[in-house]
Amino acid sequence: MKPLYDVIIVGGGPAGCATAIALHNLGVKNTLVIEASDYTAPRIGESIPPDSRELLEKLGIWDAFTAQKHAPCLGSYSSWGSDQLGFNDYLFNPQGHGWHLNRCAFDKFLALQVEKRGGALLKNTHFASLVREQHAYPIKVLLRNNAQLRCRFIVDATGRSAKVARQFNAKAKIEDQLVAVSAYFDSNDVISANSYRQMTLLEAVDYGWWYLAHLPNNKVIVTVATDPQTVKDKHLKDPRSWQQAMQLTQHIQPIISQSTPSSLHTWVAQSAIMNPPAAEHWLTVGDAASIYDPISSQGIYKALKNGIDAADAIVDWLDNNAQTINQYRNNIGNNFIQYLAQKAYFYSEEQRWPESTFWKSRQQPRQ
Ligand SMILES: Cc1cc2nc3c(=O)[nH]c(=O)nc-3n(C[C@H](O)[C@H](O)[C@H](O)COP(=O)(O)OP(=O)(O)OC[C@H]3O[C@@H](n4cnc5c(N)ncnc54)[C@H](O)[C@@H]3O)c2cc1C
C-alpha cells in the first residue's frame, strides 16, 4: 500500500471495479480499490440484460466474462396485469441473450480484472472516514484498521450505504420504501420445466411481486418484494410465514417443493438518488449514485455504465477540466427522472388491485 494515489475507489462491487478498469484503460494507473469484503457472503442482483455485452466489451473484459460460464437468460415470463403468463424474450435483441449471474463469482471476477491490469485492490479493508486538507493530495482517507492514505480524487462505490458521499454531506433522496426477502433453494428442490430454467419468472400479487430465477451454481433464488409494513404484517422474515405466502402464489408455488427455506435474506430495495451525486474531488457510481427498483434489472448495467462514464470525467478532472464531472452529475439526475417515469408506467400496467396501497403508491411518479 502506497501513501499517495491519484484516485481511490471505495467499494469493489460492479461499479467500483468498472471505474478502476476503465481508469486503467485510459492510462490512470495510480489507483486503489478498497473493498470491505472477501467476496464470499451472498450478494443480491443476478439478472443482467443483453446490452451489458456492449459495456463488458468497452471495458475489454468480454472474452474473459464469457469464459466464466454464467447462465444464459433468454427473457422472462410474467404474470403482471393479468393472471395469465406473458412472455418477453430476447430473441430479437441484436446483442443476443442476457445472463443469470453467480453474483459472488462475477464480483470476484471483476476484482481480478482490476488486479490483472496492475490496479491495487485491498480486500477485507473498511473505509472509515475522510478529511479534506490543504495538500497536493487533499483527501486524507482513514481506514478502520487506522491506516491513512491520501488521494487527489475519491470515488464512492460503496453501494446504497454511500459512505463516502455522506462524508461530504450529500444526502440520499428516497422515492419509495421497497423491501425484498429472498430464499435460495437447491435446484433439486425445484421442479421447473426446462422452459423456466433460462428465464426469470415474475408474478404480481395484491401486496407486491415475486420473482424466481435459476442461478449457475445449482441454486434458485425466490424473492418477494413489498412494503416494510407488509413484511411486518405477514411476518415475511419468518421462513414458515414466507413459505405460506409463497404457497398462495399462482405461478411460483407449483415450481418449488414443499420444503421451508432454511434461512432468508432481507434486502432494502428503495429507489433513491444521491444529492448531489458528484462535486469537487469526488463522485458516486452505481447504487451510491442512484438506486433503481430491482424490477428494472438495471442495477448492475447502470453500475458498469456509471463506472465507464465516471472514468472519462475523472480523467478530464485530473487534466484540470471539471466540465465532464458537471455533465456526469447532470446525467445521473436526468437518467433518474426518466427512470421514475418508466417505473410509474410499468407499475400502472397492473390494475387488478385498485385499492392496494402498494400498487397505488407506485403508479404515479412522485413530485
Ligand atoms: C432484491 C434485489 C434484487 C436485485 N436484482 C437485480 C438484478 O436482477 N439485476 C440487476 O442488475 N440488479 C439487481 N439489483 C440491484 C443490484 O444489486 C445493485 O444495483 C448492484 O449491486 C449495484 O452495484 P454497486 O457496485 O453500485 O454496489 P454493490 O454491489 O452494493 O457493491 C458495493 C461494494 O462496496 C463495498 N463496501 C461497502 N461499504 C464499504 C466500506 N466502508 N469500505 C470498503 N468497501 C465497502 C461492499 O462490500 C461492496 O462490495 C437487485 C437489488 C435488490 C435489492
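Author: Buried means under 20% relative accessible area. Keep that cut-off in mind. This is a predicted model.

Reader: Okay. How many aromatic pairs does the structure hold?

Author: The count is 22 aromatic pairs. One of them joins Phe65 and Phe109. Their centres are 6.4 Å apart, with 55° between the planes. That pair is tilted.

Reader: Where do Phe65 and Phe109 sit in the chain?

Author: Phe65 is in helix α3, residues 62-66. Phe109 is in helix α4, residues 103-116.

Reader: Is Phe65 buried or exposed? And what about Phe109?

Author: Phe65 has a relative accessible area of 2%, so Phe65 is buried. Phe109 comes out at 5%, so Phe109 is buried too.

Reader: New topic, the Trp rings. Why does the pair of Trp210 and Trp242 count as edge-to-face?

Author: The planes stand at 65°. Edge-to-face needs over 60, so the pair qualifies. The ring centres are 5.2 Å apart.

Reader: Which residues form an aromatic cluster?

Author: Trp80, Phe346, Tyr347, Trp353, Phe358 and Trp359 form one.

Reader: Last one. What lies over the face of Tyr207, and what over Tyr292?

Author: Lys234 lies over Tyr207, at 4.5 Å from the ring centre. Lys302 lies over Tyr292, at 5.0 Å from the ring centre.

Terms used. Residues numbered from 1 in each chain as written. Predicted model: local features only at pLDDT ≥ 70, side-chain atom pairs only at ≥ 80, totals over all residues. Heavy atoms only, no water. Phe/Tyr/Trp six-rings, centres within 6.5 Å; stacked < 30°, edge-to-face > 60°. Helix = DSSP H or I, 4+ residues; strand = E, 2+ residues; numbered from the N terminus. Buried < 20%, exposed > 50% of the residue type's maximum accessible area, 1.4 Å probe, protein only. Lys NZ or Arg CZ within 6 Å of the ring centre and 35° of its normal.
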